[in-house]
Number of protein chains: 4
Amino acid sequence: MPMATETLADYSLSIDRSPQNDLTGRFRRIRRQTEELCRPLAIEDYGLQSMPETSPPKWHLAHTTWFFETFLLSRFHDGYRPFHPEFSFLFNSYYNAVGPRWARPERGLLSRPTVEEVYRYRRSIDDEVSELLNGPKGRRSEVVELCTLGLNHEQQHQELILTDIKHAFAKNPLRPVYRETPAARGDAPPVSWIRFPQGIVEIGHQGPEFAFDNELPRHRALVHDYLLAGRLTTNAEYQAFMAAGGYQRPEVWLSDGWAAKQTNDWNAPLYWHETPDGWMQMTLAGWRPVVGDEPVCHVSYYEADAYARWAQARLPTEAEWETAAGQPLAGHFLDAGNFHPLATPASDDSGPVYALYGDVWQWTASPYVPYPGYQPAAGALGEYNGKFMCNQMVLRGASCATPRSHARSSYRNFFPPEARWQFAGIRLAKDVK
Amino acid sequence: MPMATETLADYSLSIDRSPQNDLTGRFRRIRRQTEELCRPLAIEDYGLQSMPETSPPKWHLAHTTWFFETFLLSRFHDGYRPFHPEFSFLFNSYYNAVGPRWARPERGLLSRPTVEEVYRYRRSIDDEVSELLNGPKGRRSEVVELCTLGLNHEQQHQELILTDIKHAFAKNPLRPVYRETPAARGDAPPVSWIRFPQGIVEIGHQGPEFAFDNELPRHRALVHDYLLAGRLTTNAEYQAFMAAGGYQRPEVWLSDGWAAKQTNDWNAPLYWHETPDGWMQMTLAGWRPVVGDEPVCHVSYYEADAYARWAQARLPTEAEWETAAGQPLAGHFLDAGNFHPLATPASDDSGPVYALYGDVWQWTASPYVPYPGYQPAAGALGEYNGKFMCNQMVLRGASCATPRSHARSSYRNFFPPEARWQFAGIRLAKDVK
Amino acid sequence: MPMATETLADYSLSIDRSPQNDLTGRFRRIRRQTEELCRPLAIEDYGLQSMPETSPPKWHLAHTTWFFETFLLSRFHDGYRPFHPEFSFLFNSYYNAVGPRWARPERGLLSRPTVEEVYRYRRSIDDEVSELLNGPKGRRSEVVELCTLGLNHEQQHQELILTDIKHAFAKNPLRPVYRETPAARGDAPPVSWIRFPQGIVEIGHQGPEFAFDNELPRHRALVHDYLLAGRLTTNAEYQAFMAAGGYQRPEVWLSDGWAAKQTNDWNAPLYWHETPDGWMQMTLAGWRPVVGDEPVCHVSYYEADAYARWAQARLPTEAEWETAAGQPLAGHFLDAGNFHPLATPASDDSGPVYALYGDVWQWTASPYVPYPGYQPAAGALGEYNGKFMCNQMVLRGASCATPRSHARSSYRNFFPPEARWQFAGIRLAKDVK
Amino acid sequence: MPMATETLADYSLSIDRSPQNDLTGRFRRIRRQTEELCRPLAIEDYGLQSMPETSPPKWHLAHTTWFFETFLLSRFHDGYRPFHPEFSFLFNSYYNAVGPRWARPERGLLSRPTVEEVYRYRRSIDDEVSELLNGPKGRRSEVVELCTLGLNHEQQHQELILTDIKHAFAKNPLRPVYRETPAARGDAPPVSWIRFPQGIVEIGHQGPEFAFDNELPRHRALVHDYLLAGRLTTNAEYQAFMAAGGYQRPEVWLSDGWAAKQTNDWNAPLYWHETPDGWMQMTLAGWRPVVGDEPVCHVSYYEADAYARWAQARLPTEAEWETAAGQPLAGHFLDAGNFHPLATPASDDSGPVYALYGDVWQWTASPYVPYPGYQPAAGALGEYNGKFMCNQMVLRGASCATPRSHARSSYRNFFPPEARWQFAGIRLAKDVK
């Protein structure tokens, strides 16, 4: 890993050491980071959409720009004229309050605007936002708030650019390489079980730093005695589940999970292929062997849950996870440039619960519902989080595709239980008997 | 109501006054009750399956019988030979551990066995179960436990016979009447909001009486200060939501809810039709006007949630609901023979929260997940509840189609958020500000 | 066969010896015949619809009655009031000119009207039609014409009652028997190839007898030299195709045929099942072995075409078939009560081309298109045939489910190329080199 | 047009004046023509696939190259090593005999190989084919035959590049322009009806020039007296059909046509949009008004057939069409660079039946079936035509996207009856009464 990090030094510099109060600087760095993530792509790759849930890189580039244009420029820039009259229609994701929008599954059909035009769009909006940030101080706090939201939104799409292009490349029999990285080596530490006592805890975001509305309000919750695995579940452990017939035994699966397994013919994590040379997997560095000590990744909630049941354990609730996550932020993030989870904990990760952040998101047992007293934002931004609070499960932590400055202990990621294309893995919990 | 109840006197006698320790008596009465519920049907109706989620009455009759045969007779009756070698294949619902099964959406294709043969099957199994119950006392407690489970299972199917035949009849332009009942009259009481304080409460079943495994273990939970509506939401209140454009305003809907609304073209509760004479609805007594004071019914979780948001309230969590449900069991149950929710509370319902039970199930804001420390039963019966704990929402209370002896405060009913064919309605809650 | 015919003596008497000019007699006999075909059914069977292309027996009974009501009674009976105001909606099949109609795939959802009500409907219409036929002679020729059409229409539905109930019963793992018939014995004659010379032939209906509009006008057609197989393709011959990998070799299939084979997982004719005891098949007499000398049946056009290509032959065009069909009508029809194709030609079948009629319909190579100069009837009856002249293939002859008096050499049956539930088989042709 | 033709002078020179015996020259010119057709595209456009029936331009470029590689180089070039081991998998269209292939609906997911790589592929194969053509004369006639087939195949894909990119651009709300062309002006001539007598005619290809196997063998056919419209149906005529409720009257439609109309919500030809300024249409030159005198285009067979029935006429059979097509080849072809049908006949078109070729393909009433005595080619090339002879209708003539040297009177084009994205229009016929 150190090697990998070093060779990507210029790459990883960009975001995460900027002071929070230098918003202009953060704006430039984060915006540039998005474009750097697209540098390895051919023009042809920018339009790829390999399933309705993913979006083409070009769409991500334009949509994040539209976000600043719509929620910042058109509100605070007097007499602002949109860059292009159709872009609001094309690059709105799901904000009903903003108007109609292009059908999500057909984002890959937009060969125009071209990549060059989209970059021109970004330049133009970047300049206008910079001007706004450096301009007169009227309504300053609102501008700062919305720009900060836009940057956090942009970081979410940085992760999606990686997961979406991985999905698209994995469909291509030519197995394109997004970026060559040296294969990592190292051993996973042995599992230890950390005990946490029952009690009333406080969870949710606090403090002046940015958080999404779904992390609020901070509130009290009751947890019962529990054990949490000190590390992530590994490929080798997951292969033991497979070898024990995990994918053939309905009794360890949720009913909907078993149906999904059968409909989609799941027999291993996404991107795994059995070959005469053993299990291989598609990664952003191309075709690689499955390494036993690495954290298992690209499993659905259903698989994580089935694995846990088979292992006579369970997944933690989000309150349990957050309670355990008091330790300092450490891990292998996007900034490290691995784009793949690693076996060995990060050098700054002092445990006792390792790899809470980075490497892979961790499915929890908690359905995504509002916190007690939750209030969505007013207006169109009220559509950011609240309206998805059904039929999804919470994931906690961060992954190897998450920018370090985007991670925090109260962060609530969420995906439908059948989603597999995120860097999502497993950390077990257990009741204390 | 009194009238209706009187004319159905013989009908409503059967179940709920039997002493818990007279298992043989309960067995006969509950089994007979199921058949009485089918008495109004023509032979032709027994085979109807109007969507994959419903089942034909004949299938309910046979499946509940298969349950006793499989989990009781074939375990405790030495040398038991199945009534018919194919019935286990035909009438298994979802128990993977029992073996393969007939595809659920094709239950309506089984014209054979005939209705008469299925009744013969019931007779045969009833006789054998009675014999077993009256037989030698070996393994007595297991027999009692499984028979009790079978009876509770049978009562669940009694409710489904009614909801499923209602769905099928509503599809028929001839609008068949299941059973003529006099139209009920009466006013809904005004809404009051009952306040409950924050604190640690205990929820879940306790005591020696029967409960399903999903009601266990009894455990502590934290509730925050809240208000609970003293009565159910009425049709008139729901019509105000409709008149205010509730079905045209995505901002009050969950994202998946809005998608369901659009896909299915929902513009009113299920079974409602706008006519030149106003809103009409299909009921088990045929075509009837929508009555403003009656509780709104046959809404999905999505509609309940959208209504609540529009009404500046929310749905209660199941812990909140159960905390409020300490009062004695009262309400309009299946036994009353209304088969439709009524405006006026039951005569034995002394509040302060009215109609907690009977009339309509109440959607809660709680996804259906296991209680802390939950353990499913061993073997095939472990498939009864646990494996459905994903993608469903909890409903509490009971409905006008629920046998009274089947209702209790800890009961957890559950359906997918888009389900509308159950007698499901709305009780609001609010945060205390 | 003789035995079978004898036991069905009363059964087979009804239709085909009635003089053409005794319309009242024919009306009664054909109408009664339809009901006799339903006699073996349980009430529960009357509502079965096992796929969108089939209809429940009850629907056939009602729809054929509706045909007389709509096209005869409501036109010629002054002040006629429909038997039931909704029946026109429920039992219209596809006549747009008559008004809207109940969705075809949901015919199985109509438990009401009950079977008894439908028989009452038949009684009522039968009485009124008889009265009309025996009434004053005004507009006599129109009445005769439409009544005759209605009877031919009824005979078409007689065949469908059998093919549709066979399809439904075959779905039931209990394998219901429609009617026990003794297994037939006998050998297929050897194949001979009959040569027909090129030339201009006349095809299409001529003469005063009834024919459907699609058999008109009689017209000249050019045929080239060809050979026609003297008998039908047998199961044994088809099994040779299967043994030679016929279902695994795309090169002998049409492209759409291969797609249908793969989508539907065809590996044998419909109703065939491979068992440890060899190939078995579902018949109207229940579960029977596949008999090598019997004509192959329940194959799609795609399978017939692939078989022919594999056998280095082809299917005949309809002009070729009709040219060869000059010989007298003979064969095993519905009236014989076999309900299954037989190996041995009928006793009155004197060749040289055997089994042209009866046993199985024969797929031709001709797409179903209008004859030169074709004119559909005026009004609603113009929808009888012409609007289906696309995407279907012509079948010629008749089957074991066709009433004898319904068969003729100019008859054009038609089904989509993927249809398999009709009694349809194969007769080969060849070019003369 | 003259203007348009002039500005495209260099463009239109390339193909059609090359002597048939200069195969090397033709090879270079036709291959270059394909690439010239792609010159107006952005890199981003090369990957577009807007429905399963269309293919991305890049795929067309590669597939036509694969055709030469597979059927020419790998057969006649000793020790030939494929350009890339995966390309046969990626760029095989439907040849089962060649092996498995990439799923057709997912051709748009192949961002790699890049456009540049595909052009490199073309260069390499072009060089090798040229070498082969200029090489030793062994097996010369086979090489010539297959190369000629490959060039005709390439020309088919030239047309598809245009129709497919038009379909994709029409989906984009930015309405990209493939190529600016001046709007054409001119009037359609009045309709005259040309009478043709009954008799035995000969149709099918004859002579030494290239023809596809489906144009053979030349054979005798019988036609009856008929009238053929001297020109194509115009937009104005078609608009009269629309104004008369053509899209609301099921009685003029085939049953499958009406179902397609309803499923797809057809209310006008493909690419037409009703606007406050009247009917507009998407063309390869962008957004243009619908011009009344131009031939109607982008209609399905179903619409052509419904229009004909409404107009009290019918579509011609292919024998009728070919009989009338004895006049010299003339019309507006791809080479003219209009990429859109024109109102005025081509300057070299001397009638009496105008615009038989060029402008739009003409739907016939003939299902696509083999000619009497048809034999497909041996081996993989036997899959070229024969296996599609079901569920498709024949179109005759040529369109504004067909290379002139690819058109001939015996040419049989074919598409499913619901296809609308080809340049397909209407020429009427009538029976002589």
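## Thr65(C) and its surroundings

Two residues are in contact when heavy atoms of each lie within 4.5 Å. The model discussed here is predicted. Leaving aside neighbours within four places in sequence, Thr65(C) is in contact with Arg31(C), Tyr121(C), Arg122(C) and Ile125(C). Thr65(C) sits in helix H4 of chain C, which runs over residues 57-76.

Is Thr65(C) buried or exposed? Its relative accessibility is 0%, so Thr65(C) counts as buried. The cut-off for buried is under 20% relative accessible area. The Thr65(C) side chain has polar partners. One is the side chain of Arg31(C), in polar contact at 3.0 Å. Another is the backbone oxygen of Leu61(C), which lies 2.7 Å from a polar atom of the Thr65(C) side chain.

## Thr163(A), a buried threonine in chain A

Thr163(A) belongs to helix H7 of chain A, residues 140-171. Thr163(A) has 0% relative accessibility and therefore counts as buried. Setting aside neighbours within four places in sequence, Thr163(A) is in contact with Tyr271(A), Trp421(A), Gln422(A) and Phe423(A).

Which backbone oxygen does the side chain of Thr163(A) reach? That of Leu160(A), at 3.2 Å. The side chain of Thr163(A) also makes a polar contact of 3.3 Å with the side chain of Asp164(A).

## The interface of chains C and B

Chain C gives 30 residues to this contact, and chain B gives 30 residues. Together the two chains bury about 2300 Å². Carbon and sulfur atoms carry 63% of that area.

How many salt bridges cross the interface of chain C and chain B? The rule finds four. Lys171(B) forms a salt bridge with Glu106(C), with the closest N and O atoms 3.7 Å apart. On the side of chain C that touches chain B, the elements giving two or more residues are helix H5 (87-91), helix H6 (115-133) and helix H7 (140-171) of chain C. By class, that side has 15 nonpolar, seven polar and eight charged residues.

## The interface of chains C and D

Here chain C contributes 29 residues and chain D contributes 29 residues. The buried area between chain C and chain D is about 2300 Å², with 57% of it on carbon and sulfur atoms. Polar contacts are present: 10 residue pairs, both residues at pLDDT 80 or more.

Which elements give two or more residues to the side of chain C that touches chain D? They are strand E3 (219-223), helix H9 (255-264), helix H10 (301-310) and strand E8 (361-367) of chain C. The largest share, three residues, comes from E3(C). By class, this side of chain C has 16 nonpolar, eight polar and five charged residues.

## Chain pairs without contact

No contact joins chain A and chain C. Their closest C-alpha atoms lie 15 Å apart. Chain B and chain D do not touch either, and their nearest C-alpha atoms are 15 Å apart.

## Helix H9 of chain D

Helix H9 of chain D covers residues 255-264. Gly257(D), Trp258(D), Ala260(D) and Lys261(D) are buried in this helix. Seen down the axis of H9(D), the buried residues fall within an arc of 160°, so they line one face of the helix. Gln262(D) and Thr263(D) are exposed on the other side of H9(D).

What covers the buried residues of H9(D)? The cover includes helix H10 (301-310) of chain D. Just after H9(D), Asp265(D) takes a positive phi of about 55°.

## Helix H10 of chain A

Helix H10 of chain A, residues 301-310, is mostly covered. Eight of its 10 residues are buried. They are Tyr301(A), Tyr302(A), Glu303(A), Ala304(A), Asp305(A), Ala306(A), Tyr307(A) and Ala308(A).

Against which elements do the buried residues of H10(A) pack? They pack against helix H8 (235-243), helix H9 (255-264), strand E8 (361-367) and strand E9 (393-396) of chain A. Gln312(A) follows H10(A) and has a positive phi, near 55°.

Note on methods. Residues are numbered from 1 along each chain as its sequence is written. Chains are lettered from A and ligands numbered from 1 in the order in which they are written. This is a predicted model: local features need pLDDT of at least 70, side-chain atom pairs count only at pLDDT 80 or more; totals for chains, interfaces and linings use all residues. Side-chain values use heavy atoms; hydrogens and water are left out. Buried area is the accessible area (1.4 Å probe) that two parts lose on being put together, summed over both. A salt bridge is a side-chain nitrogen of Lys or Arg within 4 Å of a carboxyl oxygen of Asp or Glu. Helices (H or I, at least four residues) and strands (E, at least two) are DSSP runs, numbered from the N terminus. Ala, Val, Leu, Ile, Met, Phe, Trp, Tyr, Cys and Pro count as nonpolar, Asp, Glu, Lys and Arg as charged, and the others, Gly among them, as polar. Buried means under 20% relative accessible area, exposed over 50%, partly exposed in between (1.4 Å probe, protein chains only). The arc is that of the directions from the helix axis to the C-beta atoms. A polar contact is a pair of N or O atoms within 3.5 Å; within protein, one must be able to donate a hydrogen and the other to accept it, and residues adjacent in sequence count only if both atoms are side-chain atoms.
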